[in-house]
Structures are given as structure tokens and as C-alpha cells.
Amino acid sequence: MSGITRRELLALGAALPGFGGVARAHAIASPPRVAPLRPPRSEPDWEALRHQFVIEGVHLNTGTYGACPIPVLEATIHHLRAFERITRQEHPDLPALHAALERFLGAWPGSVAIVRNTTEAMNIVANGITLAPGDEVLTTTHEHIGGRCCWELLAARRGVVLRTFDPPLDPADEDDLVAAWVRQITPRTRVLSISHVLFTTGMIQPVARLVRLARERGIISVIDGAHPPGMLALDLQAIDADYYASSPHKWLLAPKGTGLLVTRPDRLATTWPLIASGDWEADDGRRFEHAGTGNESLVAGLAAAVAFQEALGREVIEARARGLATALHEALVRVPGVHVVSPRSSRFRSAMVAFTREGTTAEALQRHLGRAGFRTRRIAEFGLEYLRLSTHLYVLPRDLERAVALVADAPR
Ligand SMILES: Cc1ncc(COP(=O)(O)O)c(C=O)c1O
């Protein structure tokens, strides 16, 4: 070996997370062993599960990105290293992964495309359907850039009209929320672009009902579902949207740079791919998936993420994540000066809680919690000033007690 000593090589390995075995690079033939998982049943089980993650501090921002569990990291890193053997490369089993995703999401066979994120999936849809100047896309004033800008581009470029309205943030019941959408529909409405869970407050929208009313009027339904997979136990066939876009790097705890587009089978053949490559004429989700050489290691990690959550149980995860959010919500409303902006009715509440506190800003609160090792999200979009806390399965009740105490004690 010229120019680099064995000691330097080992030091390099130690400095590069995931590549600690550079000096043992020839010994990567067998895939990583994954500890058997079972659904947690008690608080000690949840405490033990926390050891499946490399999180430092307390992660209350899964709404931006989740933390990959160790088996997902290992599967990703294993693939990345094995691939570079060149002559004995390994490829993720894509048909098996599609089938696993369809099972996990309750999606139609052949309907799932693995893309890079929600933003890409939403752009595929916006550019893949045919809209004429004057056609209207209806959405709320609480949309994330990842679900909104694709329509803004169509408005700027093609004369499509993007109409937005303020959704009720604390609806009395589903009828209240559905009626708010119906009031905005005009004879020119061609698309409802609906966040399944609003990124601002975590409010769950009754997407199945909204999809139904759209279809009755010949309107296309596009769901920005960045959050639900891995947070809510989904049945996408029951929701029945024309398009459902998501980011499994959030609640599904997959590597960053993995996304999903689920297309209702009857729309596949008439939706143009955004990027055309070998499979562009396929009559299943692959028509959106084949976009040149990509990072297969992330796809290997996605497969491990689905396996991880299936082992724990989708319903178990939803109950835990939403249960923690409910406990957090109830504790926060008791703190003097705190105003929780997430809905009061539990049917609309997801696993994200947003709030303000009198006498301070979300920015200052975020700094205060940050100094104590808490990762949070400040919602500063649209002139809002909320602090948003996400409660996924690696958050423990004692973490939330500390978070609430920090909010209560934050300097005014
Ligand atoms: C509702 C919503 N839509 C879209 C996105 C964009 O996700 P991505 O950056 O993974 O495309 C986010 C990200 O936070 C989101 O909250």
C-alpha cells in the first residue's frame, strides 16, 4: 500500500460514519443481522426500542425527517459497500419491495412508484395530468412548499388558476371541514390538492370523504400524504384518491431521499411521467420510477424500514404516536400562556402538536428547547409563529414531561 499507512486507514474508517470497516472491506459478504423485533407491550418495551436508534437528545421533529433505526442504517450501508465490490453487486428485490409497500399502505397491486420524496411525487402528478389555462386547482392556505409549488409553477407557466382558502383549524366535526372545501368548488375546479395531515398544525383531514365528493363532481384528487405512512395505519384503497404522494423518510423512518407515489390504477396509463426512461410506457407505477441511475442503497434501506415497522405493527405505532401527542396536547393546554393550535377534537389530531406561548416567540422557544437537546420545528410559514412537536415511537413520556416543563419555564 503506498502513501497511506494502516493506522491512517483505520483512522479514516473511524472518521466516516458507516464506513468504520474500511480496513475490513473484503469482509462484507453477509448481510447485516437484524435483531428480531416484536410489538412493544409495555413502557419498558418502548424504552428498550429506543436503543434501536442512534438519536442523541430528544427528536421531536419527525415531521421534517424521521430517524432511521439501526437495521435501516445497516441495510443501507451494507448495500452501499457491497455495491462497490462491483463484480458481486447486490440489488434490492424491487418486486418484493413493491409488494411489501402495497401491503403496508393498503395500495392496489402495481400502483406504487418509488421516487425521491413527496415534492417529486407531487410534481410528477402536476405535470403528468392535462390542465388547460383557466382550470382551477383548489387547496388550502396551509400547504407545504413540497405540495404547493408544483401548482404555482403551472399557474405561472400554463395559466392554471391556483385557488386557496383558510381551512377551519379547529373543526367541530367532519361535516364542518368538508363543507369548507365544498364552498370553494367552482365549475372550473379540476383538482383538489389535499394535505392528508397539515404540516402546520398536524390536523388530519377526512381525505376519503373529500376524494368521494371530488369524484362525484369529476374532479381529480391529489393527496399530499407526506406524513401518514408510518404514522397512521393506512388503507389507500379505501381512501381511493387518484394520487397519493409521500415521503417515507419521515414517519416510516426510511433513508432521506426516498419517496412514494401511489396512483389509482385507472389513472396510470393516462398520467405522463415527468422523466422518461426505459419504463416510461409501463402500465404500472414503474413508469414514474425509472429515472436513470439512482441510489439503490436508499431503496435497500426503505425495504428494511417497511420490515421494521411491520414487525412492530402499524396499529401499535399509530396508537403510540397519537397517544403521546394526546398526552402532550393535554399537558400543554394546562401551561399558563400556552395556546395549542392543533385541533381539540381527537379525531383530527395526528402525532404533531403545534402551539404558541404568550410573551415569547416560537424562535425563542425553539432555541430554549434546543439548548436542552430537543429537536423541534418552528412553523414560520405564512406569518405563523408556532412551535411544532412530533411524537414518534422513539419519544418517551418522560421526554415529553421535560419538554412541557421547558416550555413552561422558557424566559418571557
Ligand atoms: C405536508 C408536506 N408536504 C410535503 C413536504 C415535502 O416533503 P419532501 O421534502 O420530503 O419532499 C413536507 C415536508 O415537511 C410536508 O410536511
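## Ligand site

Which of the 13 residues around the ligand come nearest? They are Thr-119, Asp-224, His-227, Ser-247 and Lys-250, where a residue counts as near if one of its heavy atoms lies within 4 Å of the molecule. The model is predicted: local features need pLDDT of at least 70 and side-chain atom pairs pLDDT 80 or more, while totals for chains, interfaces and linings use all residues. Residues are numbered from 1 along each chain as its sequence is written, and side-chain values use heavy atoms, with hydrogens and water left out.

Polar contacts are pairs of N or O atoms within 3.5 Å. A polar side-chain atom of Lys-250 is 2.6 Å from a ligand oxygen. A ligand oxygen also lies 3.3 Å from a side-chain N or O atom of His-144, and one lies 3.3 Å from a polar backbone atom of Thr-118. The ligand alone exposes 390 Å², of which the protein buries 89% (Shrake-Rupley method, 1.4 Å probe). The shell has two nonpolar, nine polar and two charged residues; Ala, Val, Leu, Ile, Met, Phe, Trp, Tyr, Cys and Pro count as nonpolar, Asp, Glu, Lys and Arg as charged, and the others, Gly among them, as polar.

## Pocket and cavity

Volume is the space filled by probe spheres set on the points, which are joined across faces, edges and corners.

The largest pocket holds about 640 Å³. Its lining has 26 residues, and Ile-114, Glu-289, Ala-291, Gly-292 and Gly-294 are the closest to the centre. Each of β2 (112–115), α5 (118–128), α11 (286–289) and α12 (296–312) gives at least two lining residues; helices (H or I, at least four residues) and strands (E, at least two) are DSSP runs numbered from the N terminus. By class, this lining comprises 12 nonpolar, eight polar and six charged residues.

One cavity of 30 Å³ or more is found in the whole structure. Trp-108, Leu-236, Ile-239, Ala-241, Tyr-243, Tyr-244 and Val-262 line the largest cavity, with α9 (236–239) and β7 (243–246) each giving two or more of them. The lining has seven nonpolar residues and no polar or charged ones.

## Aromatic pairs

The structure has four aromatic pairs, with ring centres within 6.5 Å; planes under 30 degrees apart are stacked, over 60 edge-to-face and the rest tilted, and Trp is represented by its six-membered ring. One of them, Phe-53 with Phe-308, is edge-to-face, at 6.0 Å between centres and 85 degrees between planes. Phe-53 is in the loop between α2 (43–49) and β1 (58–59) and Phe-308 is in helix α12, so the pair ties together parts 255 residues apart in sequence.

Conventions
A polar contact is a pair of N or O atoms within 3.5 Å; within protein, one must be able to donate a hydrogen and the other to accept it, and residues adjacent in sequence count only if both atoms are side-chain atoms. On a 1 Å grid over the protein atoms alone, a cavity is a set of points where a 1.4 Å probe fits but cannot get out, and a pocket is an open set with protein on both sides within 12 Å along at least five of seven lines; lining residues have an atom within 4 Å of a point.
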